[in-house]
Amino acid sequence: MKKALVCGAGGFIGSHLVKRLKREGYWVRGVDLKRPEFAETEADDFLLLDLRDQSNCLTSLTTPEETVFDEVYQLAADMGGMGFIEIAECEIMRNSALINIHMMHSSVEKGVKRYFFSSSACVYRDMKPDEPELSEEEAYPAQPDNEYGWEKLYAERMAMAYGKRYKMPVRIARFQNTYGPDGTWRGGREKAPAAMCRKIAEVEDGGTIEVWGDGTAMRAYIYIDDLLDGIVLLMHSDLENGINIGRQEYVSVNELVKTVAEVAGKRIRIEHVEGPVGVEARNFRIDKISALGWQSQFSLKEGITQTYPWVLAQVEAYSENG
Ligand code: NAD
């Protein structure tokens with residue numbers, strides 16, 4: 001039985017990845033600062049550790065039988081949507097860099113057989129909506145729009161350098177905006193799809209919601225199940241360097257709101273207010289992941305249809321409990 005360590009297993013993507021790896025027959029250990037917020041973990045073992053500390057990284061990679069982990073999935077990060085990224089630059093650059101430095105070094109020390117790193121579309125520069133999609137190589141010359149993107153680029157390069165020097169296969173995915181049930185939906189770290197689902201769940205039919213900016217920024221979103229398919233395929237492929245995983249369905253923030261409103265069955269008015277918007281657009285190519293046989297199965301509407309009822313249930317439960 002293959003042994004996998006999922007770092008960030010208390011978070012949105014990590015907790016879903018644990019479930020996927022269990023379904024595929026792995027023995028899985030999760031590690032995080034916190035347990036998953038919305039459902040009990042399916043990991044065989046779960047450690048509460050701060051991975052900014054190298055001794056904790058080594059502990060997370062140690063088993064009583066001293067067996068070596070076949071696979072490490074590094075998804076732990078100090079992370080949030082645009083509202084968080086714009087105010088927490090120092091925390092992101094310090095905390096996520098420390099986690100990445102120590103987890104990579106410890107994995108080499110412990111002889112881990114294969115390593116996965118979760119990077120982001122934020123490594124790319126700001127773009128015009130109608131610009132041609134960027135290939136992976138066009139992340140250089142580097143001009144990420146925010147410090148979160150710079151930290152990801154640094155961590156990608158460190159992962160590649162370690163992989164090369166120590167002959168450890170390293171796979172790196174650049175995720176697009178990912179959404180689905182069991183993701184952060186309130187509190188300041190939520191991303192746009194969850195935030196729009198929450199706002200629309202909270203208002204009556206015909207009500208008004210606030211949207212940051214003028215709503216014209218273009219985005220593409222990927223549903224969690226599609227992303228997991230891509231992670232698993234990429235991890236077991238020969239593809240080196242950062243690889244894009246995303247769905248090429250570009251919508252404005254206003255269109256995102258419209259989609260959520262349709263799924264919710266509500267008429268919604270938008271009030272545009274000042275707030276952090278991020279880049280104008282970010283369009284990337286997906287030929288490399290597609291060549292592995294990956295294909296997105298969920299349109300935005302289908303993914304929101306899976307996500308909205310879950311957010312609605314959280315909103316209702318939260319308001320009942322005061
Ligand atoms: P998340 O915030 O839900 O999960 C990250 C987890 O890391 C959290 O549970 C957090 O507690 C944990 N963590 C933070 N600091 C830690 C520490 N010091 N020690 C141990 N654990 C720590 O975020 P997510 O959406 O699941 O993202 C997972 C990964 O994917 C991250 O690396 C993120 O940057 C990347 N990513 C996510 C998206 C997205 O849209 N969700 C897009 C691009 C990239």
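Helices here are DSSP runs of H or I with at least four residues, strands are DSSP runs of E with at least two, and both are numbered from the N terminus. The model is predicted, so local features need pLDDT of at least 70 and side-chain atom pairs count only at pLDDT 80 or more, while totals for chains, interfaces and linings use all residues. Residues are numbered from 1 along each chain as its sequence is written, and side-chain values use heavy atoms, with hydrogens and water left out.

**Exercise 1. Find E66 and P141, and describe the backbone there.**

Step 1: Look in the loop between α2 (54-60) and β4 (71-74), where E66 has its place. Phi of E66 is near 60°, a positive value in a residue other than glycine.

Step 2: Go on to the loop between β5 and α5, which holds P141. Y140 and P141 are joined by a cis peptide bond with an omega of about -5°.

Step 3: Most residues other than glycine have a negative phi, and most peptide bonds are trans.

**Exercise 2. Describe how α1 and α7 meet.**

Step 1: Take helix α1 (residues 12-23) and helix α7 (residues 224-235); their axes come within 10 Å and cross at roughly 65°. Axes are lines fitted to C-alpha atoms, for helices over the stretch in contact, and angles run from 0 to 180 degrees between N-to-C directions.

Step 2: List the residues in contact (heavy atoms within 4.5 Å). From α1 come F12, I13, H16, L17 and R20, and they meet I224, D225, L227, L228, D229, I231 and V232 of α7.

Step 3: Sort them by class. The contact of α1 with α7 has eight nonpolar, one polar and three charged residues. Here Ala, Val, Leu, Ile, Met, Phe, Trp, Tyr, Cys and Pro count as nonpolar, Asp, Glu, Lys and Arg as charged, and the others, Gly among them, as polar.

**Exercise 3. Which residues come nearest to the ligand?**

Step 1: Pick out the shell, where a residue is near if one of its heavy atoms lies within 4 Å. Of the 27 residues around the ligand, I13, D32, D50, Y148 and T178 come nearest.

Step 2: Look at polar side-chain atoms. One of D32 lies 2.6 Å from an oxygen atom of the ligand, and one of D50 lies 2.8 Å from a nitrogen atom of the ligand.

Step 3: Ask where the shell comes from. α1, β5 (114-120), α5 (147-166) and β7 (177-179) each supply at least two residues; the largest share, three residues, comes from β5.

Step 4: Finish with the classes: the shell has 12 nonpolar, nine polar and six charged residues.

Notes. Polar contact = N/O pair within 3.5 Å; in protein donor to acceptor, adjacent residues only side chain to side chain.
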